Amino acid sequence: MDTMRERFIAVTSRLLDEDPRLAVVLAEISMDGFRPAQERHPDRVINVGIREQLLVGVGGGLALTGLRPVLHTFASFLVERPFEQVKLDFGHQGTGGVLVSASASYDWPAGGFTHMAPGDVALLDTLDGWTVHVPGHPDEAEALLRHAYAAGDDRVYVRLSQQSNAAPRPLGDLRFQTVREGRAGVVLAVGPLLDNVLAATEGLDVTVLYAATVRPFDDAALRAAAGRAAADVVLVEPYLAGTSAAAAAQALVDVPHRVLPLGVGRAELRRYGTIDEHTAAHGLDAGSLRERITGFLR
């Protein structure tokens, strides 16, 4: 199976041939993959080098000319480093574009903390009007990328990861999906953590919701699930723990409820290790999740 980033390169390269409005801006990352597309479309595949603020500024400028810019690099260099440019060149200017990240929270442990961005979605939550997609499989990544490219002039963030569920889910209208139904509580699994959540909740009387699009937050789906079960909600997100806690609380503002937010911890893990070791260290492996979920629901 290909990775989400490989699928991004393949799909975007094909769509550059079909859509003259699409333009890609890179900062070295993934440039080798886009080289054939750049040869065909040198005016719409632009590599600015290792200059992430310029990456976003160029994308914002292309948007002002009527193009649909796609900006790509590691999440830490796409959202965190040039955050002021994201805020001003898209939000303040009222333009749209698609930010496509790679490396997610800890997908390249050997790169160290400079290449990790568990706070990216929380940071974008401080801005207005961003749609955020967190696919859990390369097929979902392709579907969400195509949706983002065709989304007029909206501002969209697509968070790609090396981690993947074994099988894709049909995304339909992008709302939260009910994967299992139960009455003891609701567990919301985001993106590539669905398989871990399903393993962790095997045999438990809980509803499992799946989200590949987390912003806008699907208030109605969470309210409906909580109405059919106990209003005890566990959020399992592949980024900073608590990122969606306020959104869940707002969705259930008129319902007595409890929320347990699980995700990546704030403490920096300074050993390289592997992706699986980082997942376990943050308590997001199936065994740790089962212990934390059952303890909360008791």
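The radius of gyration used here is taken over C-alpha atoms, and the globule rule is 2.2 Å times the number of residues to the power 0.38.

**Figure 1. Overall view of the chain in the predicted model.** For 298 residues, the rule gives a compact globule a radius of gyration near 19 Å, and the chain agrees because its own value is 19 Å. Taken along the principal axes, the box filled by the C-alpha atoms is roughly 60 × 40 × 35 Å. Twelve helices and twelve strands make up the secondary structure assigned to the chain. Buried residues account for 54% of the 298 residues. Of the contacts between residues at least 6 apart in sequence, 73% join residues at least 24 apart. The accessible surface is about 12,200 Å², and carbon and sulfur atoms hold 51% of that area. The side chains include 28 positive and 37 negative ones, with the centres of the two sets 3 Å apart.

**Figure 2. Helix 1 (residues 4-18) and its cover.** The 15 residues of helix 1 should span 21 Å at 1.5 Å a residue, and the end C-alpha atoms are 21 Å apart, so the two values agree. The buried residues in helix 1 are Met4, Arg7, Phe8, Ile9, Val11, Thr12, Ser13, Leu15 and Leu16. In an α-helix, residues three or four places apart point the same way because there are 3.6 residues a turn.

**Figure 3. Arg155 in strand 6 (residues 155-159).** Arg155 counts as buried because its relative accessibility is 15%, and the cut-off for buried is under 20%. Leaving aside neighbours within four places in sequence, Arg155 is in contact with Phe90, Gly91, Gly94, Thr95, Gly96 and Gly97, among others. Its contacts also include Asp128, Gly129, Trp130 and Thr131. Glu181 is 26 residues from Arg155 along the chain, and the C-alpha atoms of the two are separated by 33 Å.

**Figure 4. Thr178 in strand 7 (residues 177-180).** With a relative accessible area of 37%, Thr178 is partly exposed. Not counting residues up to four places away in sequence, Thr178 touches Arg169, Thr207, Val208, Leu209 and Arg228. Thr178 and Ala221 are 43 residues apart along the chain, while their C-alpha atoms are separated by 8.6 Å.

**Figure 5. The cis peptide bond from Arg215 to Pro216.** Omega of this bond is near 0 degrees. Pro216 is located in the loop between strand 10 (213-215) and helix 9 (219-228). Most peptide bonds are trans, and most residues other than glycine have a negative phi.

**Figure 6. Positive phi at Glu28 and Ala104.** Glu28 is not a glycine, yet its phi is positive, at about 75 degrees. The loop that holds Glu28 runs between strand 1 and helix 2. At 40% relative accessibility, Glu28 counts as partly exposed. Ala104, also a residue other than glycine, has a positive phi near 45 degrees. Ala104 is found in the loop between strand 4 and helix 6 (120-124). Its relative accessible area is 3%, so Ala104 is buried.

Methods. Residues numbered from 1 in each chain as written. Predicted model: local features only at pLDDT ≥ 70, side-chain atom pairs only at ≥ 80, totals over all residues. Heavy atoms only, no water. Helix = DSSP H or I, 4+ residues; strand = E, 2+ residues; numbered from the N terminus. Expected span 1.5 Å × (residues − 1). Buried < 20%, exposed > 50% of the residue type's maximum accessible area, 1.4 Å probe, protein only. Contact = heavy atoms within 4.5 Å. Areas by Shrake-Rupley, 256 points an atom, 1.4 Å probe, with all protein chains shown as cover. Lys, Arg positive; Asp, Glu negative; His and termini not counted. Charge placed at Lys NZ, Arg CZ, Asp CG, Glu CD.
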